[in-house]
Amino acid sequence: MSKSVRGVVARSKGAPVTIETIVVPDPGPGEARVRVQACGVCHTDLHYREGGIGDEYPYLLGHEAAGIVESVGEGVTDVAVGDFVILNWRAVCGDCRACRRGRPQYCFATHNATQKMTLEDGTELSPALGIGAFAELTLVAAGQCTKVDPDTDPAAAGLLGCGVMAGLGAAINTGNVGRGDTVAVIGCGGVGDAAIAGARLAGAARIIAVDLDERKLQWARDAGATHTVDSRNNDPVEAIRELTGGFGADVVIDAVGRPETYKQAFYARDLAGTVVLVGVPNPEMKIELPLIDVFGRGGALKSSWYGDCLPSRDFPMLIDLYRQGRLDLDAFVSETITLEDVEAAFDKMHSGEVLRSVVVLDDKSENRSGDKSSEGTSR
């Protein structure tokens, strides 16, 4: 039986979001209906609202979420009713050329729920990243649900569904940071700070944070940066080389995604070092590099898609680290809010006031509203 719930909808390009009644169908074969407990406000949702991703309005926003499986459809065996899950937007198919080669984290045929959630009048909704979790219930492919330890704060756990996983994975998976490595991270918003935390977990000996904003540099120190560079007053390439004996870093992570920061990352790495692009550029951006430098410096130039994560492998492991006190996911939650506050949260994110605003729809999450709003930043 379909259920009607409240959700946050972007009806047209650039227009403020609205609270609407959403009709969520019963799960069909291979699908799961999840009662959302918490969902982070991510830049991707703002890109949907602004038309930066597509024009398939209306969109049901929200994707960085955790909750409880309420019901499952025919053939679902990996999750069951009552499971606490983190939602992911890369449900692997198991049969494409990447999956058959044992690289499911690069699956080329990830999938979403087949059925559509709708408005009351029957208008079909496009769920953000195939999830649509700014709602009390959402319908997803069962493969988009990753079961984790239920004794976990949903507000913290849900952040692994997108931004925090992107940063952690850029360091651990894509950059393959190892013990004793030197790492530089350009851009210290949520994703950059997560990359710093990932480099710290991986055993990096020196972690250099680069940003224009002294507040963000302090948050980078809190995340594990051993050195900081204020790029308003210092050339970041020269500063990183100076901090690494004149050589450059083993791994440089660009969490901004602009041509100028990518060039900084390219020239701030050591010979045979690795550049990881995790900040998302817009389609108009272009980069020009001397081909002799690309050849002569060696190493690897990589892009990190969702932190090259495999949710079934990475989410439970990272939640275990969180439960052990080795990964401070709580530090990324600047404030908890309601569905009605999403539009205001976009403004805070855009101005760099918060690391993450998290919509809480269940009282299991500790109420932190306002606790750290003066300490956050955006991606």
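## A tour of the model, stop by stop

Select T182 first: T182 lies in strand β11. Helices (H or I, at least four residues) and strands (E, at least two) are DSSP runs, numbered from the N terminus. This is a predicted model, in which local features need pLDDT of at least 70 and side-chain atom pairs count only at pLDDT 80 or more, while totals for chains, interfaces and linings use all residues. Residues are numbered from 1 along each chain as its sequence is written, and side-chain values use heavy atoms, with hydrogens and water left out.

**Stop 1: around T182**

Is T182 buried or exposed? T182 is buried, at 15% relative accessibility. Buried means under 20% relative accessible area, exposed means over 50%, and partly exposed is in between (1.4 Å probe, protein chains only). T182 and A249 are 67 residues apart in sequence, but their C-alpha atoms are 5.1 Å apart in space. Not counting residues up to four places away in sequence, T182 touches R206, T244, G248, A249, D250 and V251. Contact here means heavy atoms within 4.5 Å.

**Stop 2: helix α4 and the residue after it**

Select residues 163-174, which are helix α4. How many residues of α4 are buried? The count is 10 of its 12 residues, so α4 is mostly covered by the cut-off of under 20%. The buried ones are G163, V164, M165, A166, G167, L168, G169, A170, A171 and T174. To see what covers them, show β5, α5 (190-202), β14 (249-254), β15, β16 (300-303) and α10 (311-323), which are included in the cover.

Next select N176, which follows α4 and has a positive phi, near 50°. N176 is not a glycine. N176 sits in the loop between α4 and β11 (182-186). With a relative accessible area of 57%, N176 is exposed.

A second residue of this kind is A272, in strand β15 (residues 269-277). The phi of A272 is near 65°, a positive value in a residue other than glycine. A272 counts as exposed, at 57% relative accessibility.

**Stop 3**

Select A32, which is found in strand β3 (residues 31-40). A32 is buried, at 0% relative accessibility. Leaving aside neighbours within four places in sequence, A32 is in contact with P27, S71, V72, T138, L139, V140, A142 and C145.

R33 is buried, with a relative accessible area of 3%. Which side chain meets that of R33 in a salt bridge? The partner is E70, at 2.8 Å from N to O. The pair links distant parts of the chain, with E70 in strand β5 (residues 64-72) and R33 in strand β3, 37 residues apart. A salt bridge is a side-chain nitrogen of Lys or Arg within 4 Å of a carboxyl oxygen of Asp or Glu. Side chains of opposite charge can pair when their charged atoms come close. Select K3, D26, R33, R35 and E70 together to see a network of salt bridges.

**Stop 4: two further salt bridges**

The structure holds 18 salt bridges. One of them joins the side chains of R6 and E136 (3.2 Å, N to O). R6 is in strand β1 (residues 3-10) and E136 is in the loop between β8 (126-127) and β9 (137-141), 130 residues apart. R6 is partly exposed at 34% relative accessibility, and E136 is partly exposed at 24%.

Then select R11 and E20, whose side chains meet in a salt bridge at 2.8 Å, N to O. R11 is partly exposed, with a relative accessible area of 44%, whereas E20 counts as buried at 18%.

**Stop 5: a cis bond**

Select Y57 and P58. The peptide bond from Y57 to P58 is cis, with omega near 0°. P58 is in the loop between α1 (43-49) and β4 (59-60).

**Stop 6: a charged patch**

Last, select R97, R100, R101 and R103, which form a positive surface patch. Patches are made of residues with over 30% relative accessible area and no salt bridge; like charges are joined within 9 Å, and nonpolar side chains (Val, Leu, Ile, Met, Phe, Trp, Tyr) within 5 Å. Lys and Arg count as positive and Asp and Glu as negative, with His and the chain ends not counted. R97 lies in helix α2 (residues 97-100). R97 is exposed, with a relative accessible area of 52%.

Definitions and conventions. Areas by Shrake-Rupley, 256 points an atom, 1.4 Å probe, with all protein chains shown as cover. Charge placed at Lys NZ, Arg CZ, Asp CG, Glu CD.
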